[in-house]
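Trainee: I am new to this one. Can you take me through it step by step?

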Amino acid sequence: MGTAFAKIIMRTRKLRVAEKIINGFLILQVLFQLCSLPFIYFDTTLTLLSRVWAVAIVFIVIASAIVNRESMYQDIKELIAYFKTTKWTVYSMMVVIILMCYYVSINGERNDDAIYYIGLINTSVSMDSMYRFNVYSGYGMESLYLRRALVTFDIHSAVLCKLFDVHPLILARIGRASLNVILTAATTYLLGTGLFKKDETGIAEKKAGMLVIVSLVMNFLFAGNIYTSATFLLTRAYEGKAFGANVLVLYTLYVCIKHIAKMQKEDYFILILILWGSLAISSSAIVVNLVAMVILILPCYILRIVDRIKVKKNGKC
């Protein structure tokens with residue numbers, strides 16, 4: 001899906017494989033939100049939604065693979081070439097990422113948020129329902145708060161549990177937490193490619209890989225309180241807001257930096273995708289990323305307007 005997005009929407013610019021993977025993750029959340037909201041608000045069963053989503057996603061994946069087979073082939077060649085150039089860096093990254101996945105899988109906090117998010121998935125699966133029961137009390141009443149009305153990330157996890165017969169605790173603590181680490185590593189790598197100048201020797205790619213390793217390890221130094229993104233990654237990686245605090249914020253920073261440098265209109269599509277995907281993942285994520293976009297991009301446009309005014313004044317003089 002990320003490759004299809006790059007081909008259809010971003011056809012004027014080549015995207016890295018990591019960008020396509022993250023875009024594909026966001027597109028998946030957006031498509032599931034569009035598919036699931038009618039089922040949620042018309043109070044249908046999780047089983048019905050799971051069947052419809054299974055058919056839809058199989059069709060989308062097959063169609064995307066057929067249409068974008070040439071682009072996917074080029075992406076595979078790019079990955080193979082990258083591996084040959086930076087073999088030991090890749091090995092080192094893999095080791096650190098695997099260790100981080102193991103750590104976040106066994107060190108998740110047990111608090112009210114964990115009770116809500118994991119409990120919501122478990123209740124949805126066990127009761128074959130969506131938001132029909134209060135997660136904390138078990139009573140049949142409204143448990144869907146207004147600020148989570150468009151958040152479908154947990155329902156998507158419940159659908160996966162239903163389709164693959166996986167316990168919600170395993171999917172959340174291991175599956176979602178590990179996915180957060182992997183996507184965070186991918187976004188960190190992208191930031192590294194923007195920091196280091198690319199050349200034929202592959203040194204820039206190696207430096208970007210080393211940045212991934214250092215940044216993941218440095219999380220242990222910055223997990224001193226509950227408000228840091230490092231704390232979310234190490235102890236609450238399965239939560240939607242943890243994806244927002246790590247993957248989405250870093251990807252927003254990367255896209256904004258690229259946009260400020262080159263001012264390409266295609267970047268707006270990615271920024272909209274980030275906001276829409278954030279809305280499906282966590283209500284906190286969309287607020288944080290929207291603020292980040294305004295803080296990063298708005299001053300740049302203000303400076304451009306000021307420069308144009310100065311040029312016009314100088315021209316008149």
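Mentor: We will go through salt bridges, backbone angles, helix packing and the surface.

Trainee: What kind of model is this?
Mentor: Keep one thing in mind throughout. This is a predicted model.

Trainee: How many salt bridges does a search of the whole structure find?
Mentor: The search covers the whole structure. A pair counts when a side-chain nitrogen of Lys or Arg is within 4 Å of a carboxyl oxygen of Asp or Glu. The total is 8 salt bridges.

Trainee: How many residues apart in sequence are the parts tied together by Asp113 and Arg236?
Mentor: Asp113 forms a salt bridge with Arg236, with the closest N and O atoms 2.2 Å apart. Asp113 lies in helix 6, while Arg236 lies in the loop between helix 10 and helix 11. The pair therefore ties together parts whose separation in sequence is 123 residues.

Trainee: Is Arg236 buried or exposed?
Mentor: The cut-off for buried is under 20% relative accessible area. Arg236 has 9% relative accessibility.

Trainee: Which residues do salt bridges with shared partners join into one network?
Mentor: Glu239 also forms a salt bridge with Arg236, and their closest N and O atoms are 3.0 Å apart. Glu239 is buried, with a relative accessible area of 0%. Shared partners make one network of Asp113, Arg236, Glu239 and Lys241.

Trainee: How many residues apart in sequence are the parts that Asp128 and Lys162 tie together?
Mentor: Asp128 forms a salt bridge with Lys162, the closest N and O atoms being 3.9 Å apart. Asp128 lies in the loop between helix 6 and helix 7, and Lys162 is in helix 7, so the pair ties together parts separated in sequence by 34 residues.

Trainee: Why does Lys162 count as partly exposed?
Mentor: Partly exposed falls between the buried limit of under 20% and the exposed limit of over 50%. Asp128 is in that class at 23% relative accessibility. Lys162 is in it too, because its relative accessibility is 33%.

Trainee: What is the phi of Asp128?
Mentor: Most residues other than glycine have a negative phi. Asp128 is not a glycine, yet its phi is positive, at about 50 degrees.

Trainee: And what is the phi of Met263?
Mentor: Met263 is in the loop between helix 11 and helix 12. Met263 is partly exposed, with a relative accessible area of 24%. Although not a glycine, Met263 has a positive phi of about 55 degrees.

Trainee: How are helix 5 and helix 8 set relative to each other?
Mentor: Their axes are 9 Å apart, and the packing angle is about 140 degrees. Angles over 145 would count as roughly antiparallel. The crossing is right-handed. By angle, helix 5 and helix 8 are therefore oblique.

Trainee: How far apart in space are Arg51 and Val159, C-alpha to C-alpha?
Mentor: Arg51 sits in helix 3 and counts as exposed, at 59% relative accessibility. In sequence, Arg51 and Val159 are 108 residues apart. In space, C-alpha to C-alpha, the separation is 8.9 Å.

Trainee: What is the accessible area of the nonpolar surface patch that includes Ile302?
Mentor: Ile302 is in helix 13 and is partly exposed, at 45% relative accessibility. Leu290, Val294, Leu298 and Val306 form the patch with Ile302. Together they have an accessible area of about 400 Å².

Methods
Residues are numbered from 1 along each chain as its sequence is written. This is a predicted model: local features need pLDDT of at least 70, side-chain atom pairs count only at pLDDT 80 or more; totals for chains, interfaces and linings use all residues. Side-chain values use heavy atoms; hydrogens and water are left out. Patches are made of residues with over 30% relative accessible area and no salt bridge: like charges are joined within 9 Å, nonpolar side chains (Val, Leu, Ile, Met, Phe, Trp, Tyr) within 5 Å. Accessible areas come from the Shrake-Rupley method with a 1.4 Å probe; for residues, only the protein chains shown count as cover. Helices (H or I, at least four residues) and strands (E, at least two) are DSSP runs, numbered from the N terminus. Buried means under 20% relative accessible area, exposed over 50%, partly exposed in between (1.4 Å probe, protein chains only). Axes are lines fitted to C-alpha atoms, for helices over the stretch in contact, and angles run from 0 to 180 degrees between N-to-C directions. Angles under 35 degrees count as roughly parallel, over 145 as roughly antiparallel, 65 to 115 as roughly perpendicular and the rest as oblique. A crossing is left-handed if the near helix is turned anticlockwise from the far one by less than a right angle, and right-handed if clockwise.
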